[in-house]
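Subject: Structure handover

Hi,

Here is the structure I promised you.

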Amino acid sequence: MEKSTELFSTVLQEGKEKLTSSQRRLEHRIHMLEAQFNELQCAAEELTQRLEIQEDTVVRQANHDEMWTSLLEDRFNAMELNIFYSYAIEMLSFLHSEVVQKLPNIAGRLPTLASILKNKSKSQEISHAWETVLEQLGLQEDVVKTLCTFFITHCYEAKYCTPSEREQYVEDISAMVFGVVKNHTLMKSLLCAVQVLEKKKTERSMDNPKEKS
């Protein structure tokens, strides 16, 4: 009887040890699977983020290409093109001068608006000055991009017209923009440029009597 009891205890203990060993192997396997799953999940999240970035890049490029194409679809006569081109030049030049005034210590490194646009992502100081000027003038960066695109598109065929030459051709430039420009993005950008430049002109005319007195 005692031998039977001992034998039963031995078998039971061996069974427990085998079960414990199996449980350990199973737990180890589960931990390995969890680690592999976490790695796969991290890889999937990283891939998703990359795809989202690529998608945003593709969308931006498509929008940019669409803007170039649509700008080329508008057809202006020579004088209309020169007038719109002149407002674009003056607006971009005014933006450059306003930003440079806020950065006197590095003005020599920013000879053009293109240099500002190129370096603003690398310098917090330039970026802050740029954003401040846009806010003060009530402009959005898309407006500037459109004017730059328009300038690049027509710089070889258009010529600059002075304000007096423009006034001889058209009295209400805003009405001309509404009537001639079909592209909504370009229309909005030109109207913003007209508004900013006309406001600057009014402020200067108000200041002139003070300077003379």
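Let me start with Leu95, which sits in helix α2, residues 78-101 (helices here are DSSP runs of H or I with at least four residues, strands are runs of E with at least two, and both are numbered from the N terminus). Before you read on, a word on the source: this is a predicted model, where local features need pLDDT of at least 70, side-chain atom pairs count only at pLDDT 80 or more, and totals for chains, interfaces and linings use all residues. Residues are numbered from 1 along each chain as its sequence is written, and side-chain values use heavy atoms, with hydrogens and water left out.

Back to Leu95: this residue counts as buried because its relative accessibility is 0% (buried means under 20% relative accessible area, exposed means over 50%, and partly exposed is in between, using a 1.4 Å probe and protein chains only). Which residues does Leu95 touch, leaving aside those up to four places away in sequence? They are Leu113, Trp130, Val133, Leu134, Leu137, Leu139 and Val144 (contact means heavy atoms within 4.5 Å). As for Thr112, 17 residues from Leu95 along the chain, the two C-alpha atoms are 10.0 Å apart.

Now the charged pairs. How many salt bridges does a search of the whole structure find? The count is 3, a salt bridge being a side-chain nitrogen of Lys or Arg within 4 Å of a carboxyl oxygen of Asp or Glu.

Glu141 is partly exposed at 28%, whereas Lys120 is buried at 19%.

Glu167 and Lys201 also form a salt bridge, at 2.8 Å from N to O. Glu167 belongs to helix α6 and Lys201 to helix α8 (residues 184-212), 34 residues apart. Glu167 is partly exposed at 46%, and Lys201 is partly exposed at 43%.

Cheers
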